[in-house]
Amino acid sequence: MKKLSYKDMGLLEEEYAQIQEIMGREPNYIELGMFAVMWSEHCGYKNSRPLLKGFPTKGSQVILGPGENAGVVDIEDGQALVFKIESHNHPSAIEPYQGAATGVGGIVRDIFTMGARPIASLNSLRFGELDDARVRQLFSGVVAGIAGYGNCLGIPTVGGEVYFNPAYKGNPLVNAMCVGLVNSNEIALAVANEAGSPIMIVGARTGRDGIHGATFASEELSASSAEKRPSVQVGDPFMEKLLIEACLELIKEDLVDGMQDLGAAGLTSSIAETASKKGRGVEVDVLRVPRREQGMSPYEVMLSESQERMLIVPRAGKEGRITEIFDKWGLDAVVIGKVTGDGIFKVCEGDKVVGEVPVASLTDGCPVYIREGEEPPYYQECRSFDPNSLPELEAQQTLGKLLASPNIASKKWVFAQYDHQVMTNTAIVPGDGDAAVLRIKGYAKGVAMTTDCNGRLVYLDPYQGGILAVCEAARNLACVGARPLALTNCLNFGNPEKPQIYWQMQNAIKGMADAASVLNTPVVSGNVSLYNETAGGAIFPTPVVGMVGFLPDVKQRSDMAFKNEGDIIVLLGRLRSELGGSEYLYVCHGVESGAVPTADLEEEKNLIELLLILTANSIIESAHDISDGGLAVTLAESSIKGKVGFNVNINLDSARTDGILFSEAPGRAVVSLQAEKLMELQANAQKLGIKTTVLGTVLGQDMLYHVNNKQVISLKVAEADRIWGEAIECFMK
Amino acid sequence: MKFGVVVFPGSNCDADCYHVIKDVMQEEVNYIWHQEANLKDYDALILPGGFSYGDYLRTGAIAKFSPVMSSVISFAEHGGLVIGICNGFQILLEAGLLPGAMLRNQSLQFICKPVYLKVKNSDSPFTKQIPEGQLLKIPIAHGEGNYFCDEKTLEELQSEKRVLFTYCGPNGEENEEYNPNGSIANIAGIINRQRNVLGMMPHPERCSESILGGKDGQIIFASMVKWLEEAGKR
C-alpha cells in the first residue's frame, strides 16, 4: 500500500505540528494514521463542536443526552427510547447500494450497543431530479440498499422523507435513523471502568475495507472520488442480525462493563472513545485481531472500517459465559488486549510496540475551529423577492402539477420496498399519517417518530429554516397524537471552511436550538456531515430533524384520512398566504426565492397542545399538518387516503388565490370531525388561543375547492389518487 | 396444546409468531432453536419468516440442513401440523415437504404491502373456520415469493384442491393485475397431500390484532387451534 503523507490523510500543517508537540517526537505512520482519523471532522467534530454547544440538551424526559452512541428518553414504566440519526452521504454517492446499506448497519449498531432492541428505522433522503438517469440509479440503489439491509435485520423501516432538487444532484444525502427500546436499568455504555479488564472484539473479521473512510467523509466529492470506492464498506446484514441477538443476550445476563461498536475509524476510534471516558489507557495486540485477509499491517488493522464488529469490555470473570453465548450464535469473540490505568493507547504487534499515543489527545485533544461566518449576497436578494410579482396561474392545473411533483407525490414506490410491519408493532404505516406510530407490546402506550427538513427553506433563510424543521417534526408527531419528547439531528452542510457555508451552519443551528427550547424537545444525539459539495457547489443546507414522541394510549392515534361523509373540515391556525420558498413557486414558476414564512413558536406550541387534546379525547377523526404544497395539497392527501371527497370554501379576500391554496406557512393543520364535536373543538382551541376556521365538509367523490365563494378546483378523488400515486413510479419504470 | 416456533439464525418473524400464539390465541408456545432435534412435545410447528442464514444462497437452501429439519420432516410425516410463513414456506420447499420453488419477484424488488387472498378450500386444518371463497386481507413482505412449479405439479395441486390461497383483487378477481409477484396461477399458499403442512407467503401474524389494522390473519391460527382441539389435543 502506498504511503500517505499527513496531507493525504487530511491533516493541516498546523495540526501536524500540534501532533509533534503532543508526542514530543515525530509520530510514526500508525500513530499519524490514528490522529488523522480521530481528528477528521467526521470523528472529531472540529468545525461544528462550538456551534453544537448552543443546543438545549436537558429536560425531565432525558435520561442520556449527547456524548454516548445515542440519546435516551424516558417513556414511563421503566422503559426508554434510544435513538439517533447518522449520515452516509459520501459512500452512497459513490456506491449507492452498499453506501446506504452500511449506513443502516452503522446506526443500528449505535442503538443495540446501548443495550436497546432496535424497533424501527427511518430514512431521510435527498437526490437530484428524477429526469436524470444517474440520479435514478442513485435513488433506486439507495432504496434497494436500505431495503436489502434493513429487511434482513427484521427491523421495520417505518418512516422518513425523500426530496428531489438539483442542489443534491452530485451529492445525495442518505441519513439513517434508528430507534430502540430498552429497560432503563439495562442501558449499556461505551466505557471501560476497570484497569485490568480484558477487551474483546466480536463479529466479522477485519479486512482492508473502509480504510480512511472517516477521512473520505470529511472532504468534498470530486472527479477522483470514484477512486475512493475501496473506502466504501460492504455490509453483511446476516452477521449484524446475529450480533444484535448475541449482544442483547449479554445485556440480559448483565455480562458487560462496556460495549462499543466499530464504526468510522474502526478499532482506533472505538477503543479511544471507550478508554477516554474514565481516563483509562489500553494495550491491544493487532496480531490477535481475527482477519479476513493475509498480510495486513498494524496500520491497516487499526484503521479498517470493516462492518459488523463490536468491542466488549466484560465484567470481571464473565469472559467464559460471553464466549459461550457468541458460540451459540456462531460468532468469534476474541480477547485482543486489556484496559490499563496509564491513559496511553498502546498498539502492539506481538511483543513489539508499534504505536503509543495518549488516549486523551485523540479524543478531547482534537483541535477545534471557531470560524467567522459571512452572510451570502443571495440571502437579502431572495428575501426581497415578491412572489406576487409573478402571474397567478390557474388553480386546477397547479394542483395537478403539485400532486405529480416527486416531492409531494406518494412515496409508495419507496416504502413498499421496505418491510415496515415486521415486529408487529406498526400502528400507523408509512404514508397513512404525519408520523409513524408503534405500539409497545404489553402496554396501552405507543410511540411515534418522524424525520423532517425542508432544505430549500433552510437555504433561503437558515435561521427560519432551522426553526421550521423542528416545528414541522413536532407538529407531525402531534398530528398523530404523540407528545414530542426529544430530537436527534443530522447536520448536512457544505464546506465549513467557506465563510458563507459556515454562516448557514451558525444560523440554522441557532434556529433549531431556539425552536427546540420553546417546544421542550431537547437535542439528545446527532451527527454532523460537512463537505457535501461537488463541482456544482454545495448542497442546500439540510439539518435533518429526527424526533420521537409519546402516546399514553396508542388506540387514540390519528391518521390523515378523512373518514365519514358529513364530517366537518376545520383549519387549525391562521389563514396565511405567504408563498416564499414554496413548492408551488418551484414547480410552477421555476423560482426558489422569497421570504420564508415565519413560525410563531408560542403559537406552534399551543397548536401542538391542542392537537394532543383533540386526539386524546377522540374529538377528531383525522389530522394532517400543512406543509409541502400548502392547504390545497393537505386537503387532497386527506381525501385520497380516505377515498372520499370534500367541499370547502376558504374566505380570505385580502390575498391571491394561489397564496391561499399553496402557501406552506407553518403553525397550521387540517382536521376532520363529526359535526356534534365542533363546539368542543372550538372551546379547546379558544382556551389555547388557536384560531379555527370551518372550511367545509367531507362529501362525495369529488374534491371541490372554493375561494371566496368561487369554485376554483373540481377534481375526482380517483383522478387525484392516480396523479399523486403514480408520479414516482412513472419516472422509475 | 403446544406450539413451537422454530428459530434459525436469521429468522426475524419468530417473536411475532410467538406473540400471536401466546398473547392473542392464548396457547402454550416455545421457541425451538435450530439445533434441537426433539419435537415430541409439540402439536404444531411454525417456521417463521426472515432471512435464514442471510438467504445468501437460495432462500431456505441452507436452513434445510439445520439439525431441526430432519425432525420437522418426521414430525410432518407423523401428521403434526406445520405452517411455514414466507421464509418458512421457502424452507419447506427446499426441504421437499411441499412441491415447487420460489423465484425472485417479477418486479425484482422486495414488496411489502397488504394483499387480498381468496380462500380456495375450507377442508384443511388451516382454513376450517373460513368459508370457501372468502377474502382475507393479509400483508406480504418478500423479495422471492414468485411461486413456480411444473405443469404436472400445478395440475395435481389444483385437482387435489391443495392450493389454499390465491392472490386476488378486492372483489375476488384472480388475475394478473392482482398478482403481486408473478406466482404461477396466483398461488399464495399450498398444502401437502396429507393436508397437515401449509406454506404461505403472506404473513397472517402481522394482521391478527385490530391495532395493526386488521384481524384476518387470526382466523388461520384459530382454525389450527380448533382442529387441534377436535383432534383431542387439549
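1. Let us start with E533(A), which is buried at a relative accessible area of 2% (buried means under 20% relative accessible area, exposed over 50%, and partly exposed in between, with a 1.4 Å probe and protein chains only). E533(A) forms a salt bridge with K498(A), their closest N and O atoms being 2.5 Å apart; a salt bridge here is a side-chain nitrogen of Lys or Arg within 4 Å of a carboxyl oxygen of Asp or Glu. K498(A) is partly exposed, at 35%. The two are 35 residues apart, with E533(A) in strand β19 (residues 533–534) of chain A and K498(A) in the loop between β17 (483–492) and α19 (499–518). Helices (H or I, at least four residues) and strands (E, at least two) are DSSP runs, numbered from the N terminus.

2. A word on the model before going further: it is predicted, local features need pLDDT of at least 70, side-chain atom pairs count only at pLDDT 80 or more, and totals for chains, interfaces and linings use all residues. Residues are numbered from 1 along each chain as its sequence is written, chains are lettered from A and ligands numbered from 1 in the order in which they are written, and side-chain values use heavy atoms, leaving out hydrogens and water.

3. Now for other salt bridges. Over all chains the count comes to 51. One of them pairs E15(A) with K46(A), at 3.0 Å between the closest N and O atoms. E15(A) sits in helix α1 (residues 13–23) and K46(A) in the loop between α3 (41–44) and α4 (49–52) of chain A, 31 residues apart. E15(A) is buried at 0% relative accessibility, and K46(A) is buried at 7%.

4. R456(A) and E592(A) form another salt bridge, with closest N and O atoms 2.9 Å apart. R456(A) belongs to helix α17 (residues 455–460) and E592(A) to the loop between α20 (583–589) and α21 (601–616) of chain A, so this pair ties together parts 136 residues apart in sequence. R456(A) is buried, at 5%, whereas E592(A) is partly exposed, at 25%.

5. How do the two chains meet? In chain A, 29 residues are in contact with 24 residues of chain B, where contact means heavy atoms within 4.5 Å. The chains bury about 2200 Å² between them, 60% of it on carbon and sulfur atoms; buried area is the accessible area (1.4 Å probe) that two parts lose on being put together, summed over both. In chain A, F238(A), Q421(A) and T424(A) lose the most area to chain B, together 25% of what that side buries.

6. The interface also has polar features. There are two salt bridges between chain A and chain B, including one in which the side chains of R439(A) and E209(B) meet at 2.8 Å, N to O. Ten residue pairs are in polar contact across the chains, both residues at pLDDT 80 or more. A polar contact is a pair of N or O atoms within 3.5 Å; within protein, one must be able to donate a hydrogen and the other to accept it, and residues adjacent in sequence count only if both atoms are side-chain atoms.

7. Which element of chain A gives the most to the side that touches chain B? That is α9(A), with four residues. The residues of this side divide into 13 nonpolar, eight polar and eight charged. Ala, Val, Leu, Ile, Met, Phe, Trp, Tyr, Cys and Pro count as nonpolar, Asp, Glu, Lys and Arg as charged, and the others, Gly among them, as polar.

8. Inside chain A, have a look at I111(A) in helix α6 (residues 96–112). I111(A) is buried, with a relative accessible area of 0%. Leaving aside neighbours within four places in sequence, its contacts include A70(A), F83(A), P118(A) and C178(A).

9. In chain B, N87(B) is found in helix α3 (residues 87–94) and is buried at 0%. The side chains of N87(B) and D55(B) are joined by a polar contact of 3.3 Å.

10. Finally, two backbone points in chain B. N186(B) has a positive phi of about 55° although it is not a glycine; N186(B) lies in the loop between β9 (163–168) and β10 (187–191) and is buried at 7%. R195(B), also not a glycine, has a positive phi near 70°, and R195(B) is placed in the loop between β10 and β11 (197–200).
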